[in-house]
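I opened this entry to record what I looked up, topic by topic. The structure goes in first, and my notes follow.

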Amino acid sequence: MKSFHFIQVTIELLFNILCVLQLVDVAFGIGEVIYAINCGGEVHVDSHGIHYRRDPLHGKVGTASDYGKQLIISRVPRSDQILYQTERYHHMTFGYEIPVNKDGDYVLILKFCEVYFSSPGMKVFDVLLNGIHTIVSDLDIFAKVGKGVAHDEYIPFQIKGNKLSVNGEESNHDGKIKVEFIKGYRDNPKINAIYVMRGTVNDVPQLPPLSQGEEKDEEEEELQTEKKSSQVRRPSGPRSPNPYETDDNSTMLPIFVAVGAFIPLLFCLCRL
């Protein structure tokens with residue numbers, strides 16, 4: 001009985017140690033999350049302990065979609081795939097306002113995944129910050145990572161007083177930031193999830209690099225697209241014979257015919 005009790009106590013102690021280590025990782029492994037949204041989806045707590053709110057635009061702007069649930073999303077744990085399987089898109093420009101009211105360094109993390117198109121150039125759009133700063137230009141998710149693969153954009157910015165600085169540009173700040181997804185001429189803008197973290201890019205839990213298989217698939221898709229675009233359309237039906245392709249026998253045939261006609265004529269003349 002004593003040995004069984006000792007084993008039980010040891011197991012409980014180890015379990016508590018693991019829990020503490022997980023809490024330490026969540027508390028000190030990443031920066032302070034200011035605001036997080038599961039766009040087009042419901043509340044979710046991810047593997048890093050980040051608490052995503054239900055989409056505040058639900059029923060107001062654009063369309064919420066869970067079409068991505070048909071896919072297994074690469075580069076993320078199964079428990080966090082929901083962040084990339086749900087999305088919000090709109091046939092017009094749309095955006096989110098996020099409260100950021102303290103001075104300091106921040107990072108805006110935008111989560112994307114292409115769940116519908118299977119070739120590059122089908123969905124391309126820009127992302128603006130505060131209506132002035134282009135923080136993502138000509139984003140083509142499929143061209144970057146392929147279909148069903150998670151892709152994050154990390155945008156560091158700074159707040160100081162009533163000024164916001166990003167990419168060497170400065171604008172007025174009124175206690176919140178506005179992230180806009182700009183409607184272009186190639187399909188609709190979209191977003192899968194957003195969060196803002198106080199800190200630097202080094203404090204952000206980043207996606208693992210693309211695997212070799214994913215990179216190979218992407219290269220093959222691009223190669224196939226290039227081949228299709230470079231193909232020349234040919235008319236249907238049998239090919240026309242080449243008038244310049246003749247063999248030697250065909251060129252001698254008229255001579256044989258002439259000789260054959262001349263011999264009987266010569267015979268008749270001789271009898272006369």
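This is a predicted model: local features need pLDDT of at least 70, side-chain atom pairs count only at pLDDT 80 or more; totals for chains, interfaces and linings use all residues.

I count two strands as paired if DSSP finds at least two bridges between them. Helices (H or I, at least four residues) and strands (E, at least two) are DSSP runs, numbered from the N terminus. Residues are numbered from 1 along each chain as its sequence is written, and side-chain values use heavy atoms, with hydrogens and water left out.

I looked up Ala64 and found Arg88 in β5 as its bridge partner. Three bridges join β4 to β5 (residues 87-89), and the two strands run antiparallel.

**Entry: overall counts**

The protein has five helices and 15 strands. For burial I use relative accessible area: buried is under 20%, exposed is over 50%, and partly exposed is in between (1.4 Å probe, protein chains only). By that rule 34% of the 272 residues are buried.

I call it a contact when heavy atoms lie within 4.5 Å. Of the contacts with a separation of 6 or more, 73% are between residues 24 or more positions apart.

**Entry: β1, β2 and β3**

I checked which strands pair with β3 (residues 51-54). Strand β1 (residues 32-38) pairs with β3 in the parallel sense over two bridges, and Asn38 stands opposite Arg54. Strand β2 (residues 44-45) is joined to β3 by two bridges and runs antiparallel to it. Here Val45 stands opposite His51. β2 and β3 form a hairpin with five residues between them, and Gly49 in the turn has a positive phi of about 85°.

**Entry: nonpolar cores**

I defined a nonpolar core as a set of buried Ala, Val, Leu, Ile, Met, Phe, Trp, Tyr and Cys residues joined through side-chain atoms within 4.5 Å. The largest has 32 residues, and Leu110, Phe157 and Phe181 have the most contacts inside it. Strand β7 (residues 104-112) gives the most to this core, with four residues. A second, separate core has 18 residues, including Ile30, Ala36, Ile109 and Cys113.

What does Phe157 touch, not counting residues up to four places away in sequence? Its list includes Val100, Tyr106, Leu108, Leu164, Ile177 and Val196.

**Entry: His90**

His90 sits in the loop between β5 and β6 (94-99). Is His90 buried or exposed? It counts as buried because its relative accessible area is 13%. Leaving aside neighbours within four places in sequence, I find His90 in contact with Val61, Gly62, Asn188 and Pro189.

**Entry: salt bridges**

My rule is a side-chain nitrogen of Lys or Arg within 4 Å of a carboxyl oxygen of Asp or Glu. The count is eight.

- Lys190 and Glu87 form one of them, with the closest N and O atoms 2.5 Å apart. The pair links distant parts of the chain, Lys190 in β14 and Glu87 in β5, 103 residues apart. Both residues are buried.
- Lys123 and Asp187 form another, with the closest N and O atoms 2.5 Å apart. Lys123 is in the loop between β7 and β8 (124-129) and Asp187 in the loop between β13 (176-186) and β14, 64 residues apart. Lys123 is buried at 8% relative accessibility, whereas Asp187 is partly exposed at 27%.
- Asp174 and Lys176 also form a salt bridge, with the closest N and O atoms 3.3 Å apart. Asp174 is exposed at 57% relative accessibility, and Lys176 is partly exposed at 31%.

**Entry: cysteines**

I searched for disulfides, meaning pairs of cysteine sulfur atoms within 2.5 Å, and the count is zero. Cys39 is buried at 0% relative accessible area, and Cys113 is buried at 0% relative accessibility.
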